[in-house]
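Subject: Structure handover

Hello,

Here is the structure for you to look through. My notes on it follow below.

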Amino acid sequence: MRDLVVRQFEHPSGFLGRMAGWIMAHRESNLRRNEWAVSLLDIEPRHLVLELGCGPGIAIEQAAKLATEGRVVGVDHSELMVRAASKRNARAVQQGRVELLHGTARTAAERGERFDRVLALNVLQFFDAPQETLRLLRRSMTPGGVIAIAFQPRNEGATDADARRGAERNGALLTEAGFEDLRTETLDLEPMVTCVLGRA
Ligand SMILES: C[S@@+](CC[C@H](N)C(=O)[O-])C[C@H]1O[C@@H](n2cnc3c(N)ncnc32)[C@H](O)[C@@H]1O
C-alpha cells in the first residue's frame, strides 16, 4: 500500500493521488521544505515566478505573498494537483496574481513570457530528459534570473548522502543547461533537503 501511494507522488490521480496530495499539503517536513525553498529565491514584488510540478500549491501560496505586484505561475501534469492548487490559491487566482496550468515545462515556456524566478521542488528526479527541460526553462528566463532545484529523497531509508548525491546531479544538470554562479544550500531535516541555485 505504501509503495502504491509513494508512486502517486510522480503523477497523482484518483483516490490514492488525493492521499498523496493531502500528505504534500499537510506533512510538516513538506511545508518547511516548501517555505525554505521559496525563501532562497529572493522574490521581489514585481517578479514573474514559475513553479514546475507545483503539486497542491504550497510554494505557490508562499511565492504569491512575496510577488505582490507580479505574478506566480504554477504548472503540473496532474489535473488533480492543478485543481488542489487552484482551490488553495483561489483568492490570488481570482485577483490574477496566480495562474495554474495543466501541463509541463513546455506549456509554461510556450507562453513566451520571461520568468525572473523558477522553482522545481522534488520533481526533477521524475524527468526522463531533465537537461532538455532545464535548457527550455533557461530560454524562458530573464538574463540573471534565478532557478532553484530542491531535492529531498523520500524513499525508505534515504540518507543525507543520498540528498547530497542528488544535489551533485542537479548541479551538473544545471551547468550542462548553461546556468551559472551555482551554489548549494541545505535544510536540516531527516534526511536533509538540498537546493541548488543557479543564474540564467
Ligand atoms: C513529489 S510532488 C512535489 C510537489 C511540490 N513541488 C512539493 O514539493 O510540495 C511532484 C509533483 O510534480 C508533478 N510532476 C511530475 N512530473 C512532471 C512533469 N513532467 N511536468 C509537470 N509536472 C510534473 C507531479 O504531478 C507532482 O504534483
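A term first: a nonpolar core here is a set of buried Ala, Val, Leu, Ile, Met, Phe, Trp, Tyr and Cys residues joined through C-beta atoms within 7 Å. Please keep in mind that this is a predicted model.

The core

The largest nonpolar core has 55 residues. Those with the most contacts inside it are Ala59, Ala63, Val118, Leu119, Ile147, Ala148 and Ile149. Strand S5 (residues 141–151) gives this core its largest share, seven residues. In soluble globular proteins, nonpolar side chains tend to be buried together.

Apart from its neighbours within four places in sequence, Ala63 is in contact with Val38, Ile43, Val49, Glu51 and Val72.

The strands

Strand S1 covers residues 48–52. Four of its five residues are buried, so S1 is largely enclosed by the rest of the structure. S1 pairs with S2 in the parallel sense, over five bridges.

Strand S7, residues 193–199, is also largely enclosed, because six of its seven residues are buried. Which strands pair with S7? S5 is one of them: six bridges join S5 to S7, and the two run antiparallel. Here Ile149 stands opposite Val196 in S7. Ile149 is also among the core residues with the most contacts. Strand S6 (residues 180–187) is another partner, again antiparallel and over six bridges. In that pair, Glu180 stands opposite Arg199 in S7. S6 and S7 form a hairpin, with five residues between them.

Helix H8

H8 runs over residues 130–139. Its buried residues are Pro130, Thr133, Leu134, Leu137 and Arg138. Why do they lie on the same side of H8? They cover an arc of only 140 degrees around the axis, which puts them there together. What covers these residues includes helix H7 (105–109), strand S4 (115–121), S5 and helix H9 (160–176).

Take Thr133, which sits in helix H8. Thr133 has 21 other C-beta atoms within 10 Å, and a residue counts as buried at 20 or more, so Thr133 is buried. Leaving out residues up to four places away in sequence, Thr133 touches Ala105 and Phe127. Ala105 is 28 residues from Thr133 along the chain, yet their C-alpha atoms are separated by 6.6 Å.

Arg154

Arg154 is in the loop between S5 and H9. Is Arg154 buried, exposed or partly exposed, and what is its count? Arg154 has 15 other C-beta atoms within 10 Å, so it is partly exposed; exposed would need 12 or fewer, and buried 20 or more. Arg154 and Arg91 are 63 residues apart in sequence, and 32 Å apart in space, C-alpha to C-alpha.

The ligand

There are 22 residues around the ligand. Which of them come nearest? They are Gly53, Gly55, His77, Ser78 and Leu121. Helix H3 (28–39) and strand S2 (71–76) are the elements that give two or more residues to this shell. By class, the shell has 11 nonpolar, nine polar and two charged residues.

Best wishes

Key
Residues are numbered from 1 along each chain as its sequence is written. This is a predicted model: local features need pLDDT of at least 70, side-chain atom pairs count only at pLDDT 80 or more; totals for chains, interfaces and linings use all residues. A residue is near a molecule or strand if its C-beta atom, placed from the backbone, lies within 6 Å of it. Ala, Val, Leu, Ile, Met, Phe, Trp, Tyr, Cys and Pro count as nonpolar, Asp, Glu, Lys and Arg as charged, and the others, Gly among them, as polar. Two residues are in contact if their C-beta atoms, placed from the backbone, lie within 7 Å. The arc is that of the directions from the helix axis to the C-beta atoms. Two strands pair if DSSP finds at least two bridges between them.
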